[in-house]
Amino acid sequence: MNRATIAAQMYTLREFTQTAEGLKESLQKVKNMGYPAVQISGIGPVDPQLVKEYADELGLQICATHVPWDRLVNDLDALAAEHKLWNCKYIGLGGLPGEYQTSQEGYRTFAKLASGIARTLKEQHGLQFVYHNHDFEFERFGGLTGMEVLLQESDPEVFGFELDLYWVQAGGGDPVEWIHKVKGRMQAVHFKDMTILSRKPVFAEIGQGNMNYDAIIEACRETGVEWHIVEQDVCQRDPFESLEISLKYLHSKLEDMAV
C-alpha cells in the first residue's frame, strides 16, 4: 500500500451523489482530502461521459465500480464500454443475487454463470470481474460456506474477489486468513472497521474500531493487492469526515512503515 493506491468508495457518500452537481461537488471534496482515486458506486443516473469529465478535471482515477447483476447479464457490451471510457479495469458485483443465496447449488450455479461473464469481460474487453462479499456468504451449506463454494467453483483465471473485510469479520471469518485464501485473485479490497456500540457491531472509521489493521495491511502487501478502497456503509458522523479520518489513519500507518 502507498498513498497512490488508496481510493474512496463513493457508496459512502451516496446521499450526496444522486445528481450530477452533487457528484461533482463530492468528488471535489474527496480530492481535497487527498484521495487519488475513487470507486464509482451508488451514484444517481449521471451520464458516464460527465462522470469521466469530472474525474479527469480533478485528476481522480476511477479504479473500480459496483454494477448491477442485471447489467452484467443483459447489457454487458454497454457496461464494458463505460469502463473503457473511464479507463477502469475492475468491474465489480456488489453482492450475490437473492435467487442464488439459499443453497450450495445456488452458489455453484452463480459461480459458473459469473465465470462465463468474467471470461467474456477479460477476453473481449480486457476487464477484470471482481466479486464483493457481505456476511451472508459465510452461511454453511453441507459443511462449506458460500464463500468457500465461490472460491472453489469459480474460474480462478477470470473470477476475482474484492473482499469486504468488515463483512468477513461479521460473518465469522478471519480477514487476514481470507486475504491469503484469495491470493492472486484479489486486486482490490474494501477497508472498513468494526466497533461495538450498545452491544452491537457497527461500522467505524479505519483505526477507530477493533480490527487488526496492522496485520490486514501486511497481508495485503504480501498478497499483492493493488487497490485499497475505503468504505463506510453507515457513519456516526458526517460521511466526508469519516472518509477523511480513515485516510489520515492509513497515511499514518504508511509513515510508521517508513520508519
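This is a predicted model: local features need pLDDT of at least 70, side-chain atom pairs count only at pLDDT 80 or more; totals for chains, interfaces and linings use all residues.

In what order do the eight strands of the open sheet stand? I went through the pairing and wrote down β8-β5-β4-β3-β2-β1-β12-β9, with parallel pairing.

Next I looked at the edges. β8 (159-162) and β9 (188-191) each have a single partner strand, so one side of each has no neighbour in the sheet.

**Two strand pairs**

I picked β5 and β8 to begin with. Four bridges join β5 (residues 128-132) to β8, and the two run parallel. Phenylalanine 129 has phenylalanine 159 of β8 as its bridge partner.

Which way do the β8 residues point? Phe159 and Phe161 go one way, while Gly160 and Glu162 go the other, and all are buried.

**Helix α5**

How far apart are the end C-alpha atoms of α5? I found 31 Å. The helix covers residues 104-125, and at 1.5 Å a residue its 22 residues should span 32 Å, so the two values agree.

I listed its buried residues as well; among them are Tyr107, Phe110, Ile117, Leu121 and His125.

**Helices α1 and α10**

I remind myself that two packed helices are described by the angle between their axes and the distance between the axes. For α1 (residues 20-33) and α10 (residues 239-258), I wrote down an angle of about 25° and axes 10 Å apart. Angles under 35 degrees count as roughly parallel, so that is what I call α1 and α10. Their crossing is right-handed.

**Cysteines**

How many disulfides does the structure hold? I got zero. For cysteine 220, the nearest cysteine sulfur belongs to cysteine 63, 14 Å away, whereas a disulfide needs the sulfur atoms within 2.5 Å. Cysteine 220 is buried, with a relative accessible area of 1%. Cysteine 235 is in no disulfide either, and its nearest cysteine sulfur, again that of cysteine 63, is 18 Å away.

Notes. Residues are numbered from 1 along each chain as its sequence is written. Side-chain values use heavy atoms; hydrogens and water are left out. The expected span of a helix is 1.5 Å times one less than its number of residues. Buried means under 20% relative accessible area, exposed over 50%, partly exposed in between (1.4 Å probe, protein chains only). Two strands pair if DSSP finds at least two bridges between them. Axes are lines fitted to C-alpha atoms, for helices over the stretch in contact, and angles run from 0 to 180 degrees between N-to-C directions. Angles under 35 degrees count as roughly parallel, over 145 as roughly antiparallel, 65 to 115 as roughly perpendicular and the rest as oblique. A crossing is left-handed if the near helix is turned anticlockwise from the far one by less than a right angle, and right-handed if clockwise.
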